Amino acid sequence: MNATVVMILALAVGTYAFRLAGPVLHGRVEVPSRVQELLSAGAVVLLVALLATGAFTEGAGFAGWARPAGVLVAVVLAWRRAPFVVVVLGAAGVTAALRALGVQ
């Protein structure tokens, strides 16, 4: 058995263990409210970091101003509770329009 197969099996077992831990430990472990708040804040921080990385970088450099402008439009539309299709089309439209005008 080569190392790649071993790693894939280890990841599969670990993933299954994480999925199984929730239902198994549901009634036995009580998480304090402060820990729940910190976990919620941590999830938001990770999502914002992912958004910033995707919006501002491409490869090893800056992605240009059109993409962050499109992301900003998407954030504003999502904040105003626009339908998902409107959010996606608005972001894509702003990005495409800026790129058509020569803004990278």
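This report describes a surface patch, a helix with its following residue, a loop residue and the salt bridges of a predicted model.

## Basis of the description

Because the model is predicted, local features need pLDDT of at least 70 and side-chain atom pairs count only at pLDDT 80 or more, whereas totals for chains, interfaces and linings use all residues. Residues are numbered from 1 along each chain as its sequence is written, and side-chain values use heavy atoms, with hydrogens and water left out.

## Nonpolar surface patch

Tyr-16, Leu-20, Val-24, Leu-25, Val-29, Val-31, Val-35 and Leu-39 make a nonpolar surface patch of about 700 Å². A patch of this kind is made of residues with over 30% relative accessible area and no salt bridge, nonpolar side chains (Val, Leu, Ile, Met, Phe, Trp, Tyr) being joined within 5 Å and like charges within 9 Å; accessible areas come from the Shrake-Rupley method with a 1.4 Å probe, and for residues only the protein chains shown count as cover.

Helix 1 (3–25) and helix 2 (33–56) each supply at least two residues of the patch, and the largest share, four residues, comes from helix 1. Helices are DSSP runs of H or I with at least four residues, numbered from the N terminus. Val-35, which lies in helix 2, is partly exposed at a relative accessible area of 35%, where buried means under 20%, exposed over 50% and partly exposed in between.

Helix 4 (residues 84–100) has 17 residues and reaches 24 Å from its first C-alpha to its last, close to the 24 Å expected at 1.5 Å a residue, the expected span being 1.5 Å times one less than the number of residues. Val-87, Ala-91 and Thr-95 are buried in this helix, and its buried residues line one face because they fall within an arc of 50° seen down the helix axis. On the other side of helix 4, Val-85, Leu-89 and Ala-100 are exposed.

In the loop between helix 3 and helix 4 is Arg-81, a residue other than glycine whose phi is positive, near 60°; Arg-81 is exposed, with a relative accessible area of 75%. Gly-102, which follows helix 4, also has a positive phi, near 100°.

## Salt bridges

With a salt bridge taken as a side-chain nitrogen of Lys or Arg within 4 Å of a carboxyl oxygen of Asp or Glu, the count comes to two. Arg-34 pairs with Glu-37, their closest N and O atoms being 3.6 Å apart, and these residues, three apart in helix 2, are separated by about one helical turn. Arg-34 is exposed at 53%, whereas Glu-37 is partly exposed at 49%.

Glu-58 forms a salt bridge with Arg-67, with the closest N and O atoms 2.8 Å apart, and Arg-67 counts as partly exposed at 23% relative accessibility.

Technical notes
Buried means under 20% relative accessible area, exposed over 50%, partly exposed in between (1.4 Å probe, protein chains only). The arc is that of the directions from the helix axis to the C-beta atoms.
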